[in-house]
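Please keep the sequence and the structure in view while reading.

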Amino acid sequence: MGDLNGRTRRRGEELTNAIYTAVLEEVAEVGVGRLTMDGIGRRAATARTTLYRRWSDPVEVLLDALYHMHPVEEPTLGADDLRGDLIRALHLMVTWALSPAGRAVAAILTDPKGAPQVSEALFERVFAKRGDTFTSTVLRHYAERGHFPADLLTPVVVDIGEALVTKRLLDSGTPPAAAELEAIVDQAILPAIGLGRNRAPEI
């Protein structure tokens with residue numbers, strides 16, 4: 001296809017990245033239920049047969065792209081800056097949410113035709129294998145090093161930061177400011193693991 005248009009044949013990483021970009025743009029535009037190999041191929045300017053050499057269906061292409069483009073928070077090795085690491089994790093989440101990968105995930109989870117069949121695979125094959133949620137990587141890192149009891153990391157506590165950031169994005173359509181991310185850490189996450197102040201200042 002690319003050759004017919006006079007384009008240089010792409011191989012390896014260049015071609016894979018073009019396909020990843022194409023599938024994320026395609027699902028954000030048409031949703032999971034209408035995602036096809038033809039649509040991905042057209043957008044990536046590559047033949048459908050090229051896609052089938054590596055993936056069995058368009059959802060496989062999508063999940064592979066999301067896996068490779070999902071960022072993983074790297075906590076401070078010395079485990080000496082829990083608050084800072086949590087704030088950085090939420091900043092990373094906001095950056096990801098506004099990226100093509102984040103917009104693609106939003107399209108998946110809000111598509112009534114495709115969400116039931118894809119959302120479970122998304123959590124199992126992307127999030128779970130890439131550190132789950134952003135702050136959970138940090139929280140588990142510090143719990144394993146004895147900064148607070150690991151049994152405090154209930155599903156609610158692990159998700160509380162991401163849930164509040166998501167609510168802010170849904171409510172306003174704009175990313176939370178740095179001060180808001182700090183407030184989420186100081187007023188919600190740290191108190192939930194017994195490390196917060198009794199009363200945090202209003203912002």
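At what angle do helix α8 and helix α9 pack, and how far apart are their axes? In this predicted model, helix α8 (residues 134–144) and helix α9 (residues 155–172) pack at an angle of about 135°, with their axes 8 Å apart. That angle makes α8 oblique to α9, since roughly antiparallel would require an angle over 145 degrees.

**The chain as a whole**

- The chain holds 10 helices and zero strands, so that its elements, read from the N terminus on, run α-α-α-α-α-α-α-α-α-α.
- Of the 203 residues in the chain, 45% are buried.

**Packing of α8 with α9**

- The crossing in which α8 passes α9 is right-handed.
- On the α8 side the contact is made by F134, T135, S136, L139 and R140, which meet V157, V158 and E162 on the α9 side.
- Sorted by class, this contact of α8 with α9 comprises four nonpolar, two polar and two charged residues.

**Aromatic pairs**

- A search of the whole structure returns four aromatic pairs, and two of them are described here.
- W96 and F134 form a tilted pair, with 5.7 Å from centre to centre and 50° between the planes.
- Because W96 lies in helix α5 (residues 82–97) and F134 in helix α8, this pair ties together parts that are 38 residues apart in sequence.
- Both W96 and F134 are buried, and F134 is also one of the α8 residues that meet α9.
- The rings of F123 and F127 have centres 5.0 Å apart and planes at 85°, and the pair is therefore edge-to-face, the cut-off for that class being over 60 degrees.
- F123 and F127 are separated by about one helical turn, because they stand four residues apart in helix α7 (residues 115–127).

**Burial within the ring cluster**

- Ring pairs link W96, F123, F127 and F134 into a cluster.
- Is F123 buried or partly exposed? With a relative accessible area of 44%, F123 is partly exposed.
- F127, in turn, counts as buried at 11% relative accessibility, the limit for that class being under 20%.

Conventions
Residues numbered from 1 in each chain as written. Predicted model: local features only at pLDDT ≥ 70, side-chain atom pairs only at ≥ 80, totals over all residues. Heavy atoms only, no water. Axes fitted to C-alpha atoms, helices over the stretch in contact; angles between N-to-C directions. Helix = DSSP H or I, 4+ residues; strand = E, 2+ residues; numbered from the N terminus. Parallel < 35°, antiparallel > 145°, perpendicular 65-115°, else oblique. Left-handed = near helix turned anticlockwise from the far one by under 90°. Contact = heavy atoms within 4.5 Å. Nonpolar A, V, L, I, M, F, W, Y, C, P; charged D, E, K, R; others polar. Phe/Tyr/Trp six-rings, centres within 6.5 Å; stacked < 30°, edge-to-face > 60°. Buried < 20%, exposed > 50% of the residue type's maximum accessible area, 1.4 Å probe, protein only.
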